[in-house]
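Here's a quick look at a ligand site and some ring pairs. Have the viewer open while you read.

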Amino acid sequence: KMASNEGASLGFKIYILLVLTLNATGYILLIRYTRSQAGALYSSTTTVVLTEVSKLLISLLLLVKEHRSVLGMLNDVWNGVFMNPRDTFKMCVPSIIYAIQNNLAFVALSNLDAATYQVSYQMKVITTAMFMVLMLNKSLSKFQWLAILLLFMGVALVQVESATGTKAGEAHYNYPVGLLCIVISCLCSGFAGVYFEKVLKGTSTSLWIRNVQMYMFGIVSGLVAVFSTDSEVILEKGFLHGYNYLVWLVVAMASIGGLYTSVVVKYTDNIIKGFSTAVSIVLAAVGSFLIFQKTFGLLFVMGTGMVICAVYLYSLPKPPPPKPLTQPRET
Ligand code: NCC
């Protein structure tokens, strides 16, 4: 068994969380932008596949770097992936769930605006906590549950106020469809994230071998999505129809975001990841209020206060767990 978050300094943790969050915000805006442009649209299922391919290649490169030789990498992959099929097949489950989630993001962002998406998506902190308790046997204190609820409500309040007036009633929005996609995505993110964390921290297989295993299945799952939804248009116009440099940027940001997600989960955990994305939304809103010299409304101040309380409450030390029933034998 491996220790979970060995040897990472606080500075390093803050750095990876920061990159993750900044990248995720840019990613969401960029998807929204590329999906709302006029002209021939690209097939979003293909970007999901290309992302998995690029993450696989980067993981292999990192293994080359780690072993300082291509042969070392091949040896590691051969033993860790192909000679270890039972272990490898564990990654089938999260790869399928992530393929669904990554495709749904495009459907959701084709049907609603980026701000609504980002706030509703914070529900994933709640689904993640649920799966954490169910699958990792972690327990959360009452204060921590309260913190998670407060966090969600706080982000929502801040966003309600900063988003009012910025949305024109756009005709092609379909909120019910968008919100349904978000609910399913939150369940997927929570489940797959916790599953990945459990497998990663419960076995000795290294992070990059785990990623290689998952991205290999991810390519297959992604291709199933391509051919089940976009096969006609692709046969007619080609795999990369409608691609421009912004679509390639979507692929690049999705790859960076995915790889950083895996590193963040290794060194922290899924709930901390959720808190950091939520807090950044509020910081971004506060920043834009300050820069554009808007006045703070009551909802905004309340929301910000709730988020601050949430972070504080979540970080309070837990009361010690009850004593185990089995007493050490004394004879
Ligand atoms: O939703 P979220 O993450 O939990 O999605 C996790 C993303 O990371 C990829 N992944 C996961 C584990 C692993 N070992 N390798 C991976 O590549 C999955 O394929 C999945 O894409 C978040 O916490 O908010 C976060 O959100 C995503 C993204 O914004 C949303 O899913 C959009 O709907 C971020 N992804 C990107 O910025 C590209 C992620 O960094 C953080």
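Aromatic pairs here are Phe, Tyr and Trp rings (the six-membered one for Trp) whose centres lie within 6.5 Å. This is a predicted model, and by that rule it comes to 12 aromatic pairs.

Now for the ligand. How many residues surround the ligand? The count is 25, and the closest are Lys55, Asn102, Tyr117, Tyr121 and Tyr215. Sorted by class, that shell has 12 nonpolar, 10 polar and 3 charged residues.

Some polar side-chain atoms that come up against ligand atoms:

| Residue | Ligand atom | Distance |
|---|---|---|
| Asn23 | oxygen | 3.3 Å |
| Asn211 | nitrogen | 2.9 Å |
| Lys273 | oxygen | 2.7 Å |

On its own the ligand would expose 750 Å², and the protein buries 97% of that. The space the ligand takes up is the largest cavity.

Which elements give two or more residues to the shell around the ligand? They are helices H1 (10-35), H5 (92-111), H9 (175-202), H10 (207-229), H12 (245-267) and H13 (270-291). H12 gives the most, with 6 residues.

Definitions and conventions: Residues numbered from 1 in each chain as written. Predicted model: local features only at pLDDT ≥ 70, side-chain atom pairs only at ≥ 80, totals over all residues. Heavy atoms only, no water. Near = heavy atom within 4 Å. Polar contact = N/O pair within 3.5 Å; in protein donor to acceptor, adjacent residues only side chain to side chain. Areas by Shrake-Rupley, 256 points an atom, 1.4 Å probe, with all protein chains shown as cover. 1 Å grid on protein atoms, 1.4 Å probe; cavity = no way out; pocket = protein on both sides within 12 Å on 5 of 7 lines; lining within 4 Å. Sits in = over half its atoms within 2 Å of the grid points. Helix = DSSP H or I, 4+ residues; strand = E, 2+ residues; numbered from the N terminus. Nonpolar A, V, L, I, M, F, W, Y, C, P; charged D, E, K, R; others polar. Phe/Tyr/Trp six-rings, centres within 6.5 Å; stacked < 30°, edge-to-face > 60°.
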